[in-house]
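Keep the structure open while you read.

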Amino acid sequence: MRRQLALLLLVAACGVTPTGVQDGGPPPVISPKAAVATVYLLRDGKLEPSSVAVASHSMDNVMAALFEAGARSTAGLTTQLTGLSWQTSQLTRFGTVRNDPDNADGFRLSLFVSGGRPITKTAQAQMTCTAMRQRQDIWAVTITRTDATGPVSYGEHTCREFWHLAAPGRQLPR
């Protein structure tokens, strides 16, 4: 018992003087580095990669930047996304082929937009190729538009189906 009391006194008297709460000033501010992503805009109706500033590399931020870039595009770049609004994305597991270790898991990305007009093939290409450029593990992109009448599905796409829309000398992601 004496031994425990001595140990307790030794630990309690470690030389640190107790003080009240002291103000150390404002908290430190973390300044994130600016992020840049590649999105696909149009030059003469063909997909052209363009670097834009994004809040982060999350898919929602990249897609929001695509829609914003099209609205304020310069240098001869245009968009087919006018009249549509970015909503959100959802990433789900695509699946694997059993007993094939070389076939890695991939993802299906569902993109949701709103607007009162149909989505053109070129606009679908802009969204699909921008999404697939961000992540190599996205195997397919589905696009859904909602309006006052409800959701309209534009099916599942890969960038490969839009290769005919690539600007001369430009290569699109898989």
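Q: Is W86 buried or exposed?
A: This is a predicted model, where local features need pLDDT of at least 70, side-chain atom pairs count only at pLDDT 80 or more, and totals for chains, interfaces and linings use all residues. Residues are numbered from 1 along each chain as its sequence is written, and side-chain values use heavy atoms, with hydrogens and water left out. Buried means under 20% relative accessible area, exposed over 50%, and partly exposed in between (1.4 Å probe, protein chains only). W86 has a relative accessible area of 15%, so W86 is buried.

Q: In what order do the elements run from the N terminus on?
A: Helices (H or I, at least four residues) and strands (E, at least two) are DSSP runs, numbered from the N terminus. The protein has three helices and six strands. Their order is α-β-β-α-β-β-α-β-β.

Q: How many bridges join β1 to β2?
A: Two strands pair if DSSP finds at least two bridges between them. Strand β1 covers residues 35-43 and strand β2 residues 46-54, and they run antiparallel. T38 stands opposite S51 in β2. The bridges joining β1 to β2 number nine.

Q: What is the phi of D44?
A: D44 is found in the loop between β1 and β2, a hairpin with two residues between the strands. D44 is exposed, with a relative accessible area of 75%. Most residues other than glycine have a negative phi. In D44 the phi is positive, near 55°.

Q: Do β4 and β5 run parallel or antiparallel?
A: β4 is mostly covered, with eight of its 10 residues buried. S114 stands opposite T146 in β5. Eight bridges join β4 to β5, and the two strands run parallel.

Q: Which residues does L77 touch, leaving out those up to four places away in sequence?
A: L77 lies in the loop between α2 and β3. At 12% relative accessibility, L77 counts as buried. L77 and R43 are 34 residues apart in sequence, yet 5.0 Å apart in space, C-alpha to C-alpha. With contact meaning heavy atoms within 4.5 Å, L77 touches L41, L42, R43, E48 and S50.

Q: Which residues does T122 touch, not counting those up to four places away in sequence?
A: T122 is found in helix α3. At 18% relative accessibility, T122 counts as buried. Beyond its sequence neighbours, T122 touches L42, G45, Q80 and L165.

Q: What distance separates the C-alpha atoms of T158 and A125?
A: T158 lies in the segment after β6 (150-157). At 26% relative accessibility, T158 counts as partly exposed. T158 and A125 are 33 residues apart along the chain, and their C-alpha atoms are separated by 8.5 Å.

Q: Which residue lies over the face of F107?
A: A charge sits over a ring if NZ of Lys or CZ of Arg is within 6 Å of the ring centre and within 35 degrees of the ring normal. Here the distance from the ring centre is 5.2 Å. The residue over F107 is R135.
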